[in-house]
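Here is a colleague's note for someone opening this structure for the first time. Please keep the chains at hand while reading the points in order.

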Amino acid sequence: MFEKEIEDFIEKVRTRRDFLKMSGKGLAGITLTASVMNLIGCTKEEPTSSEVPTGAAAFVIPKGLLVAQPNRCTGCQRCEMVCTVKNDGKIHPYISRVKIGRSYNYGTKMNDNYRFENGYFGNFIMSPETCHQCEDAKCAAACPQKAITQSEATGAWTVDEEKCIGCGACTQACPWNMPTIDPEDGKSTKCILCGECADNCITGALSIIPWEKLEAMLLRRGYRLS
Amino acid sequence: MANVTGWTGKLLRVNLTNGNISVEDSMEYNKDLVGGAGLGYKVIFDEVPQGTKALDEANKVVFAVGPLTGTTAPCSGRTNITALGPTNPYDAIVDSHMGGNFGAWMKFAGYDAIIIEGASKSPVWLKIEDDEVSIEDASGLWGKGVIDTTHEINKIMGKEACVAAIGPAGEKMKNLASIVNTVNHSAGGHGGVLGAKKLKAIGVKGTQAVHIAEGKNQDWLDLNEFMMTDIIGSNNQHVVPSTPQSWAEYHSAGSRWTAQTALFWGAANPPVETGVCPAGDKNKVGLRTQKAIFDLGPVAEERTIKMGGCYSCPIRCQSNLHVPELEKYGLTPYATSTCINFSSPGTAMVNGYSDEDPKGEVALITKCLGSRLADDYGIWSNYGQLPRDFRYAYNSGKLKEVLPEEEYNSIDWSLLEAGDPGWMLEFYNNLIADGEFSHLLDGPYWLDKRWNLGKEYWDGAGNNVWSKMAFPKHHSNEAGAQVGVLVNIMFNRDPNSHTHMNFIGAGLPIELLKEIAGEVWGSPDALDAPKNYTPMNEYKAKFAKWSIDRNFLHDSITLCNWVWPMTVSPQKSRNYRGDTALESKFYSIATGIDMSEEDLDLQAERITNLHRAATIKEMNTIDMRNEHDTIPNWVFDVDPDMKPFTEGTVKLDRDDMQLALTMLYKEYGWDEKTGAPTRAALERVGLKYVADELESLNLLP
């Protein structure tokens with residue numbers, strides 16, 4: 001069932017992983033359908049109707065697949081804590097590289113229909129916003145100091161703090177306003193795919209599936225990654 | 001200001017009479033009193049004149065948090081609110097508490113506390129954005145429910161702002177009014193105090209960090225990991241699953257660790273299986289407590305969208321539900337609450353539910369409807385006493401007697417008789433109307449003065465009223481015999497004190513619990529088996545004191561006392577022992593102050609004593625034994641055909657309980673006759689100035 005979706009997904013993952021190995025360049029996130037989530041062990045139920053996007057997304061990182069699933073996010077905001085303690089030595093949700101607190105109340109947009117839409121004041125749905133690691137990163141293009149480049153090790157668009165002047169062009173340029181200038185040191189912060197958030201997520205709303213495990217899951221269902 | 005970590009070092013003082021806003025050094029309070037409740041008690045004791053009433057201009061409302069709030073230590077999201085309380089017969093000092101996001105947001109804006117003093121002549125709200133603090137006109141908000149008020153403020157401040165607001169109940173200065181942040185996180189008993197001050201809401205937004213000690217980031221992450229992997233259990237620190245599971249040596253049907261195979265958040269898209277969540281798996285802690293089925297029965301499973309909760313908490317005890325039936329009643333198809341705020345609306349259904357199932361669909365719809373109305377109107381259930389008072393007045397005929405005929409006839413009693421959820425609208429709408437029915441929001445003491453409820457109201461076992469102090473019991477003699485009673489006498493409202501109950505209900509076999517009790521409080525005799533009680537002994541007094549002191553500590557530092565302390569753990573490899581030094585470990589890394597468990601417990605004891613001293617000052621008596629530490633007759637008179645200390649009853653003995661009081665006073669070093677702190681006791685915990693003040697008022701034994 002849903003062979004095409006699954007094969008499309010595997011092809012995307014394979015391409016991105018090969019690309020990452022070859023050039024150190026990561027590619028944009030993959031949106032996940034219900035059948036794929038079932039395939040990679042994120043849900044037990046086999047989907048029965050035609051594919052509706054779940055809002056879940058996956059990113060290829062050196063360790064494996066970083067998966068974000070909004071249906072599991074409970075809004076505890078611990079991801080923001082571990083991100084900034086690990087990377088900045090303090091608890092500073094405002095500059096967290098994964099963002100959830102800002103969409104806790106009303107989701108990513110507040111409007112008059114808020115009682116029926118995402119967020120705790122509506123349907124309770126909230127999702128950690130992760131950096132999309134865009135192929136053509138607008139933040140990097142906008143930076144006047146060329147301070148944002150792709151890391152050779154991870155493929156993640158990474159801020160070089162020595163070069164950053166805290167102008168905020170990256171924040172404005174990003175379609176999701178993900179990079180944030182730290183008011184304490186005037187430097188931009190953005191996701192570097194360290195994986196700390198996923199490592200500490202209390203429900204697996206953010207999780208990392210290591211390559212070995214992913215390959216084994218696919219093999220059990222008759223698919224190959226490599 | 002002091003250069004500190006953990007704390008911000010700053011508090012905001014807002015005078016609504018003259019509009020003055022000032023920033024002060026909070027360390028004057030936090031240094032020796034931790035923060036939160038400790039800070040609040042000092043403000044009230046030092047600054048509010050003896051004889052002040054709760055709704056007077058001279059009362060102050062202290063929103064305060066501690067060094068751990070906002071650090072995202074597990075379960076560190078609570079805000080403590082201290083003020084004189086209007087339900088108390090003496091307007092004595094009480095705390096209310098709320099979870100949600102507000103406490104953390106205060107820290108991110110740069111403040112350990114907000115002191116509200118004076119009163120405004122016209123409705124206002126307080127706007128806090130980092131250093132920019134202003135008093136804003138709230139005339140456009142007055143009359144609105146909590147949700148609309150919050151949304152209007154978010155339109156001004158941005159969607160990220162966290163808002164604490166009162167609803168119509170608080171505006172009308174009702175005693176049973178709450179302050180609510182983030183939809184349903186409500187602090188009960190002070191809504192009317194804000195109403196008297198015409199403070200409609202506080203909106204907070206901040207871009208600042210909460211700092212921990214220099215160079216300690218890895219230690220912080222390691223301590224969090226230790227707690228998440230080896231120590232933390234589920235809601236109420238229940239440490240065994242509710243069903244037999246292969247990883248677990250023990251299980252207990254009453255445990256809140258309800259996660260199991262084929263139990264879902266059924267309304268999630270796609271549904272989330274809670275599954276088996278073994279001890280040691282930190283990525284499944286948030287799945288352990290499927291609270292919806294615990295509170296509302298199996299019918300709640302397919303309606304559970306997710307489990308929500310307070311900032312930083314991995315337990316997630318708030319059931320976020322999809323209830324499309326609510327739209328029929330004019331509400332949205334969503335509801336969220338936990339524990340008493342679900343069960344309490346059900347108590348008002350005197351005639352049960354139309355489908356005759358106490359845990360069925362009609363019950364679920366009714367409880368969701370009631371909780372949404374209560375949270376939007378800002379009504380406090382007084383730990384379920386509000387609907388019990390209604391039941392009593394209805395069943396005894398008192399309600400018909402006191403309501404004017406026109407008002408009585410305007411109420412659609414047929415809904416109540418039919419067990420129709422629509423009764424919730426009648427019930428809550430009449431509570432915020434201006435008729436006689438609304439006096440149910442006065443609370444037991446004032447209600448009795450007005451309606452003359454009679455002896456049976458005070459002495460009836462099912463009515464739960466805790467003696468002339470007029471609050472409802474909260475885990476009393478049915479929770480650890482004398483220990484539960486001693487916890488209940490300490491407070492000026494129903495004690496939000498779960499240290500003892502968490503331990504008693506943890507789910508481990510009684511022999512194991514007694515063993516651990518022996519290690520923590522000196523002897524296995526500190527803990528009786530359920531419904532099989534023994535006479536008082538000094539170890540029970542130690543257990544009670546420890547429970548009380550840790551509760552005051554948690555309200556000060558702040559941590560959620562519904563989960564903390566970590567007296568036990570789910571790890572067999574640890575022999576199920578917890579880590580009672582965890583509060584002090586988190587405190588040390590956050591603040592950079594090397595604080596031992598013993599030293600932090602001394603600070604807690606200091607806070608307990610300050611609460612006691614403030615109460616004595618407000619009651620203007622030192623005879624705490626007879627005036628304050630009173631115990632209702634039903635504790636001793638229930639099960640008339642049984643004797644105390646026999647199996648099958650939770651009844652206690654009057655003389656034994658007086659001995660229990662004496663033993664507790666002895667543990668604190670208080671005067672054994674009156675239960676009032678002596679000068680020596682106060683000086684031992686570093687409160688000499690309090691002893692001096694009490695002496696000047698002739699209130700030292």
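The points below go from model confidence to the chain contact, the domains, the sheets and some local details.

1. Confidence. This is a predicted model, and chain A has a mean pLDDT of 88, with 90% of its residues reaching 70 or more. Among the elements of chain A, the highest mean pLDDT, 98, belongs to strand S6 (residues 180-181) of chain A, while the lowest, 76, belongs to strand S2 (residues 53-61) of chain A.

2. The contact between the chains. On one side 45 residues of chain B take part, and they are in contact with 43 residues of chain A. The elements of chain B that each supply at least two residues to the side touching chain A are helix H4 (146-157), helix H7 (217-231), strand S14 (272-273), strand S15 (304-308) and strand S17 (334-337). Of these, S15(B) gives the most, with four residues. By class, the residues on this side of chain B comprise 20 nonpolar, 19 polar and six charged.

3. A helix of chain A beside chain B. Helix H3 (residues 78-88) of chain A is mostly covered, since eight of its 11 residues are buried. The buried residues of H3(A) are A:Arg78, A:Cys79, A:Glu80, A:Met81, A:Val82, A:Cys83, A:Thr84 and A:Val85. They pack against helix H6 (196-200) and strand S8 (206-210) of chain A, and also against H7 of chain B. After H3(A) comes A:Gly89, which has a positive phi near 70 degrees.

4. Domains of chain B. Chain B is divided into domain 1 (10-205), domain 2 (321-445) and domain 3 (479-668). Between domain 1 of chain B and domain 3 of chain B, the C-alpha centres lie 29 Å apart, and the contact takes 36 residues from domain 1 of chain B and 29 residues from domain 3 of chain B. On the side of domain 1 of chain B that touches domain 3 of chain B, helix H1 (27-33), helix H2 (36-47) and strand S5 (93-98) of chain B give two or more residues. The largest share of that side, seven residues, comes from H2(B). The side of domain 1 of chain B that touches domain 3 of chain B has 15 nonpolar, 16 polar and five charged residues.

5. One six-stranded sheet of chain B. An open sheet with mixed pairing has the strand order S2-S1-S6-S3-S4-S5 (chain B). Strand S2 (21-25) and S5 of chain B stand at the edges with a single partner strand each, so one side of each has no neighbour in the sheet. Neighbouring strands here are turned by 20 degrees against each other on average, direction ignored.

6. The hairpin in that sheet. Strand S1 (residues 10-15) of chain B runs antiparallel to S2(B), and five bridges join the two. They form a hairpin with five residues between the strands, and B:Gly19 in the turn has a positive phi of about 80 degrees. Within this pairing, B:Leu12 has B:Val23 as its bridge partner in S2(B), and B:Val14 stands opposite B:Ile21.

7. Another six-stranded sheet of chain B. This open sheet, also of mixed pairing, has the order S8-S7-S12-S9-S10-S11 (chain B). Its edge strands are strand S8 (132-137) and strand S11 (185-188) of chain B, each pairing on one side only, and the twist averages 15 degrees from one strand to the next. Helix H3 (residues 102-109) of chain B packs on the sheet, touching strand S7 (124-129), S9, strand S10 (178-181) and S12 of chain B, and its direction makes about 60 degrees with that of S12(B). Strand S9 (residues 162-165) of chain B runs antiparallel to strand S12 (residues 199-205) of chain B, the two being joined by four bridges.

8. A loop residue to check. Is B:Thr274 buried or exposed? B:Thr274 lies in the loop between S14 and helix H8 (291-296) of chain B, and B:Thr274 counts as buried because 25 other C-beta atoms are within 10 Å. Not counting residues up to four places away in sequence, B:Thr274 touches B:Ala259, B:Gln260, B:Leu263, B:Phe264, B:Leu287 and B:Gln290. The C-alpha atoms of B:Thr274 and B:Val285 are separated by 9.9 Å, and these residues are 11 apart along the chain.

Notes:
Residues numbered from 1 in each chain as written. Chains lettered and ligands numbered in written order. Predicted model: local features only at pLDDT ≥ 70, side-chain atom pairs only at ≥ 80, totals over all residues. Contact = placed C-beta atoms within 7 Å. Nonpolar A, V, L, I, M, F, W, Y, C, P; charged D, E, K, R; others polar. pLDDT = per-residue confidence, 0-100. Domains from an automatic or database assignment. Pairing = 2+ DSSP bridges. Axes fitted to C-alpha atoms, helices over the stretch in contact; angles between N-to-C directions. Buried ≥ 20, exposed ≤ 12 C-beta atoms within 10 Å, placed from the backbone.
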